[in-house]
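Please open the model in your viewer and keep the selection tool at hand.

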Amino acid sequence: GGGEGEGGLHTSQAHTNQENESQARESVLPISGTAPLQKDPWQRCAWKLPVPFEARLPLQFPPRSAAQGKTIIPNIVHFVFGYTTDPSPFTFVNFMAVASALAVLRPEVVMLHCLQEPTGFFWELLRPHVLLVQGRAVTSIFGNPVDDYAHRADIVRLEVLLQHGGVYMDVDVLTLRPLGPLLGAEVAMGMEGKDGEVGLCNAVILAAPNATFLRLWYDHYRTFDRSQWNYHSVILPRKLAKLHPEHITQLPYNTFHWPLWDDAGMRRMFGSFNYTYASNRAVHVWNHGLQQSQFRDFSMLWCFECHSTLVSMMRAYVPDPLFSVVMPCFNQKQYIQEALRSVAAQSFPSWEIIVVDDGSPDNCGAIAQAYGDEIGMTQGRVRRLTVLTMKQNRGLAESRNVGIREARGVWICALDADDRIGPNYFAEAARVMSKQADLDLIYSDQQFFGSSNWIWRVPEFSTGIATVGGPLPVMSLYTRRVGKIVGGY
C-alpha cells in the first residue's frame, strides 16, 4: 500500500523481466444488512432499479418522447449547475442524476443551465445527450442582493420553469420511476418531512409554463433576505400552497424527498436494506448532507459491496466498462494468462481487456482468447475480452494505439502482457475518481517480483519530468481524452 499523492493514487507494485504488479490498498466499509448475491460473477448485488437501465459504454438512452395523455407539463427536464466561482467537475452523483432522468423519463430534451460548463469525465459521457444553456448571472432580485450560489440557483430554476415549463431536478436527485399522471397538474412539488413539517422542497418541481403558483412564488422574492437560508426555497412554497391550494398539487413526503437529510435518513440510504423505495418516484440524495455524514466517503466502489438498497441499485449507473486494459503481446504466451488473471481478479468489475497480438509467432492472441473463454470473459451481458490480431508486427507503440481505438472505457490502462495489477488497483482508482472527477492521470508505486522485490517509489508528478526517462509506471491510468490530446503512443 501507500498514501495518496496530488497526482492521484500512489500505490502500485512491479518485477524484473518487465513483469510489473500494481497493488492498491483496499477500501472496505462495514456492510449493514444483507442481499443475496447473483450467479453472474460481474454483478454482485441483487437490488435492481424499478426501471431497468445499465450505463454500458458508449451510453445509449431510450428514445425521447413527449408527455403522454392529458398533461399540461411538457416532458422537458431542467438542471442548474455551475453557479459557483470556479468550474466544477460532475461527480458520480451528478452523473446519476442526469443519466437517470434520461433513462427513466425519456424527456424530449434535457437542459443544463449553467454559468460555467462542468468538467470531468462524467460530464464528457453525458455531454452529447444534454443541451447546454448559458444561464443568467443572478446578482440581485427586485433590488435585493443575491450572493450565494444556492440562492442564485433557486431563482434560476423558477425563471426557467416560468419560461419553458417542465421538470426541474437538483443534480443530486436520482429518478426511479416515470412521473406519469403527475404531469397533468399545473404545478406539483413534494413535501420535505412527514406532513411537510419542513416545507415543500424545491429540489424537484413539476410545472406548466407561466404557472400561476410559480408567478406568486417568484413575486414573493421581493422580500428576499439572504440571511434566511431556506425560507424562500422550502418554507415559503408550503405557506403559499396552504393559501392557494387550487394552483398546486402537494405530493406525499416519500414521493421525492424521503429518506431525509438527517443522520437517520443517511443511514437509510447508504447503510441499510430496511427501506425499499416502493413509493418513491425519485430519491433526493441530499449531497450536502451526505458530505457531512459518516457516509461521506461514498464512491462507485460501494456499488459492488452491497451497503444498502439504494447503493446496490446505483450499480446500474457505474459506467461499464470504466477501464479499458490494452495489452499488446509478442512472444509472451508464457506470461499472458497471469496478466489476464490479474485483471479478472479485480474487486471493481467494470473493465474490459483488448489484447493485441502483434503478429506474434507464438500465437499469444489465440492463447488469450482460449483462456478468456475458459474463465467467462467472453460471456454475459458485457464482453470483457476482445482479441485483435495484426497481420504483421508493428511494434509496441502502434499495437497500443490500435487497442485504444477499439476501447470503450473512459480510462486506459496500458498493461503489458508480462505485467500484472493487484486485485484492488481499479477499486482504489474508482474511489479516488469518484471524489475528484476532473482527474486525468492516476498512478502508483510499483513493486518488482520474481528475482527482485524492489519497490519503486514513484516521485510526485510534475510536467517537467513527465516525458523524461519514463518516470511513471507503464500501467498508470489516464483518460482517453488526454491520450487523444497528445496523439497516442
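Helices (H or I, at least four residues) and strands (E, at least two) are DSSP runs, numbered from the N terminus. The model is predicted.

Begin with helix α13, residues 480-486. This helix gives the largest share of the lining of the second largest pocket, 6 residues. The pocket holds about 1200 Å³ of space and is lined by 39 residues, of which Tyr478, Thr479, Val482, Gly483 and Val486 lie nearest its centre. By class, its lining divides into 21 nonpolar, 10 polar and 8 charged residues.

Next, select Tyr149, Asp170, Asp172, Asn287 and His288, which lie nearest the centre of the largest pocket among its 41 lining residues. The volume of the largest pocket is about 1400 Å³. Its lining comprises 20 nonpolar, 14 polar and 7 charged residues. Strands β2 and β10 are among the elements that each supply at least two residues of this lining.

Now display strand β7, residues 166-169, beside β2, residues 76-81; the two run parallel and are joined by 2 bridges. Within this pairing, His78 has Tyr168 as its bridge partner. Strand β7 is also joined to β10, residues 199-207, by 4 bridges, and these two run antiparallel. Here Met169 is partnered with Val204.

Methods: Residues numbered from 1 in each chain as written. Predicted model: local features only at pLDDT ≥ 70, side-chain atom pairs only at ≥ 80, totals over all residues. Heavy atoms only, no water. Pairing = 2+ DSSP bridges. 1 Å grid on protein atoms, 1.4 Å probe; cavity = no way out; pocket = protein on both sides within 12 Å on 5 of 7 lines; lining within 4 Å. Points joined across faces, edges and corners; volume = space filled by probe spheres on them. Nonpolar A, V, L, I, M, F, W, Y, C, P; charged D, E, K, R; others polar.
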